[in-house]
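Work through the exercises below with the model open. Try each task before reading its solution.

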Amino acid sequence: MKHLFKPEVTKWFWSLLILLLVVKMAWFTVELLWLPTMGVEHSEKRGPKALYYRVKLSPNDAAAPTTRRPVQTAGRIQDIKLLAVYNASDVTVVTVEYKRTTKVLAKGEAINGFVLEGAGSNYATFSKDAKTYQINLIVSRKGEGSIKSAQPSAASASTANQVEGEVIDAGDHKIVDRSLLDHYAKNMDDIYKNIGIREIKKGKVLEGFSISFIRKGSPFAKLGIQRGDVIKSINGQKIDSYNAAFDVYKNIANIDNLTLVIQRGKEEMELEYEVN
């Protein structure tokens with residue numbers, strides 16, 4: 001029988017395998033005894049990051065001057081003074097003074113860019129440019145939730161009565177000097193000193209207003225109204241809410257003729273006025 005491989009070739013092949021196995025075992029022994037068990041981590045060194053940027057200086061090596069934004073002084077909330085405030089569930093009305101001019105504001109109305117957002121018993125809140133501001137009442141009044149007046153002293157009564165303009169009785173109607181309306185439209189405090197108004201409620205529902213007192217000798221006393229009269233309507237507008245009452249007040253300076261309907265006892269009366 002003829003062999004496929006020569007005996008010399010087979011012997012050489014096995015000798016080569018044994019040699020490779022010996023070398024592998026020797027390398028494994030060296031690696032186990034002398035080489036480290038963990039690899040060495042290599043990280044690239046980086047310089048520190050600069051905390052500043054290079055800028056070009058002026059020829060004299062001085063830093064470039066900084067420009068300061070001018071401070072806005074116009075339209076400050078401090079220029080607005082809160083003189084009177086009324087805040088109820090259905091209406092918010094305040095009286096403010098700005099540049100020696102008195103103005104009545106309802107919620108949502110603005111003065112010098114400041115919008116009335118709400119009020120409390122002795123403060124009002126305004127908003128402008130997404131910012132909120134609060135103004136405190138200069139002189140607080142008692143009787144939150146209603147229009148009331150404390151009895152003023154004799155000195156203040158004398159001052160309140162010194163108002164230019166007259167009310168003239170023309171028989172079937174009365175003639176009112178326009179300067180009176182202009183004065184009271186700008187000075188709500190003088191109204192409180194001359195006339196008192198109280199609420200008429202049925203339960204918690206406001207139904208109207210009645211006159212609680214009238215100062216003797218004041219322009220209001222010459223209008224023909226009396227204590228206890230219930231105000232029904234003014235120029236056809238029913239006065240059964242603070243919104244209705246202050247709407248009339250805000251437009252009083254533009255009225256030429258005024259018709260006042262009152263309830264006096266069981267009798268309903270109509271009073272006519274001409275503004276001259």
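**Exercise 1. Find what the side chain of R215 reaches.**

Solution. Start at the backbone oxygen of K193: a polar atom of the R215 side chain lies 2.9 Å from it. A polar contact is a pair of N or O atoms within 3.5 Å; within protein, one must be able to donate a hydrogen and the other to accept it, and residues adjacent in sequence count only if both atoms are side-chain atoms. Helices (H or I, at least four residues) and strands (E, at least two) are DSSP runs, numbered from the N terminus. Last, check burial. R215 has a relative accessible area of 15% and is buried. Buried means under 20%, exposed over 50%, partly exposed in between (1.4 Å probe, protein chains only).

A note on the source: this is a predicted model, where local features need pLDDT of at least 70 and side-chain atom pairs count only at pLDDT 80 or more, while totals for chains, interfaces and linings use all residues. Residues are numbered from 1 along each chain as its sequence is written, and side-chain values use heavy atoms, with hydrogens and water left out.

**Exercise 2. Decide how the buried residues of α3 are arranged, and name their cover.**

Solution. Helix α3 spans residues 178-186, and L180, L181, Y184 and A185 are buried in it. Look down the axis: the buried residues fall within an arc of 130 degrees, so they line one face of the helix. The arc is that of the directions from the helix axis to the C-beta atoms. Now find the cover. It includes β3 (101-106), β8 (167-169), β9 (174-176), α4 (188-194), α5 (242-250) and β15 (267-275).

**Exercise 3. Describe the surroundings of T125.**

Solution. T125 belongs to strand β6 (residues 123-128). Its relative accessible area is 18%, and T125 is buried. Set aside neighbours within four places in sequence; T125 then contacts V115, L116, E117, G118, A119, Y133 and Q134. Contact means heavy atoms within 4.5 Å.

**Exercise 4. Locate the nonpolar cores.**

Solution. A nonpolar core is a set of buried Ala, Val, Leu, Ile, Met, Phe, Trp, Tyr and Cys residues joined through side-chain atoms within 4.5 Å. The largest has 38 residues, with I225, L260 and Y273 having the most contacts inside it. Helix α5 gives the most to this core, five residues. Another core, of 16 residues, lies apart from it; I77, I111, L116 and F126 are among its members.
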